[in-house]
Amino acid sequence: MRAPYPLRAGPFTPFTVLWMDHRSRIRRRLRSLAGLELFNIPFQAAVWFGSLGLPLTAANATGFALVALVLLEGAAYWAAKLRRLRAPGGPLPFATAFASARLANPPLLAAGVAFTTWSVVMDPGAGTIPGLGFAVFGVLEHVNYFHTQLMYDTREDLRHLRSKGFRRSHLARDLERRSLTPAERRERSFRRPRAARRPSSRP
């Protein structure tokens with residue numbers, strides 16, 4: 001018995017057009033995320049140390065450098081995701097570097113928070129307090145990228161936050177998949193519910 005519709009989508013079917021548009025939206029999203037993280041580094045430096053006139057003390061520079069480091073890692077991650085989108089099914093580019101950053105960041109951030117906290121205790125003021133704030137924000141950015149997603153800026157993310165709470169970050173899940181064997185990846189994909197395998201607008 002013939003099916004009432006073709007089983008394979010042809011090159012110019014509505015399904016194909018919708019799928020291409022979906023991939024195009026993801027590419028634009030990834031480019032935007034990578035570009036914004038890179039743009040934020042000089043922009044925030046200009047705002048805080050230029051327009052607002054914060055003194056460029058050791059404490060303030062240390063705290064801001066920590067934020068800039070994690071933002072740079074975030075931009076690199078979104079760029080790697082974009083690169084993988086061009087070759088679907090392959091491993092995340094530079095996954096080893098991201099795994100190393102996940103281990104190297106915590107001691108750097110801890111040292112930065114300790115130094116800026118000590119600076120505030122010794123000489124509280126505009127030359128130290130912002131630096132501590134930057135350092136704490138760097139810790140939050142590290143958690144957001146490498147462990148638990150803290151930023152929810154799409155309707156789908158907000159629905160998930162309201163219904164299920166916080167979720168693991170994209171990078172944490174990518175690094176977990178990196179440690180699985182091909183057979184384990186196939187098994188995990190097979191066990192996922194059908195609804196979870198539908199394409200989404202998230203990268």
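Predicted model: local features only at pLDDT ≥ 70, side-chain atom pairs only at ≥ 80, totals over all residues.
Helix 2 (58-85) and helix 4 (residues 129-146) pack at an angle of about 20°, with their axes 7 Å apart, where axes are lines fitted to C-alpha atoms, for helices over the stretch in contact, and angles run from 0 to 180 degrees between N-to-C directions. That angle makes helix 2 roughly parallel to helix 4, given that angles under 35 degrees count as roughly parallel, over 145 as roughly antiparallel, 65 to 115 as roughly perpendicular and the rest as oblique. On the side of helix 2, the residues in contact include G63, F64, V67, V70, L71, G74, Y77 and W78, and on the side of helix 4 they include P130, F134, G138, E141, H142 and Y145; contact here means heavy atoms within 4.5 Å.

Residues are numbered from 1 along each chain as its sequence is written, and side-chain values use heavy atoms, with hydrogens and water left out.

The chain as a whole holds seven helices and zero strands, both taken from DSSP runs (helices H or I, at least four residues; strands E, at least two) and numbered from the N terminus. Of the 203 residues in the chain, 33% are buried, which is to say under 20% relative accessible area, with exposed meaning over 50% and partly exposed in between (1.4 Å probe, protein chains only). Among contacts with a separation of 6 or more, 66% join residues 24 or more positions apart. The chain exposes about 13,100 Å², of which carbon and sulfur atoms supply 65%, the areas coming from the Shrake-Rupley method with a 1.4 Å probe.

Helix 3 (residues 95-122) packs against both members of the opening pair. Its axis and that of helix 2 are 9 Å apart at an angle of about 160°, and the two helices are therefore roughly antiparallel to each other. Helix 2 passes helix 3 in a left-handed crossing, and the contact draws on residues including T62, L66, L69, E73 and A76 of helix 2 and A101, L108, G112, F115 and S119 of helix 3. Towards helix 4, the axis of helix 3 comes within 9 Å of its partner and crosses at roughly 160°, so helix 3 and helix 4 are likewise roughly antiparallel. This crossing, too, is left-handed, with R102, P106, V113, T117 and V120 among the contributors from helix 3 and I129, L132, A135, V139 and F146 among those from helix 4.

Helix 4 itself has 18 residues and reaches 26 Å from its first C-alpha to its last, close to the 26 Å expected at 1.5 Å a residue, the expected span being 1.5 Å times one less than the number of residues. Its buried residues are P130, G131, F134, A135, G138, E141, H142, N144, Y145 and F146. In helix 6 (residues 170-178), H170, L171, A172, D174 and L175 are buried, and what covers them includes helix 2, helix 3 and helix 4.

F94 is found in the loop between helix 2 and helix 3, where it has a positive phi of about 60° although it is not a glycine. Most residues other than glycine have a negative phi. F94 is also exposed, because its relative accessible area is 54%.

A126, in the loop between helix 3 and helix 4, counts as partly exposed because its relative accessible area is 46%. Although A126 and G53 are 73 residues apart in sequence, their C-alpha atoms are 9.6 Å apart in space; leaving aside neighbours within four places in sequence, A126 is in contact with L54, P55 and N60.

Q149 lies in the loop between helix 4 and helix 5 (155-164) and counts as buried because its relative accessibility is 6%. Q149 and R168 are 19 residues apart in sequence and 5.6 Å apart in space, C-alpha to C-alpha. In helix 1 (residues 14-51), Q44 counts as partly exposed at 25% relative accessibility, and Q44 is 20 residues from F64 in sequence and 9.1 Å from it in space, C-alpha to C-alpha.

Definitions and conventions: Left-handed = near helix turned anticlockwise from the far one by under 90°.
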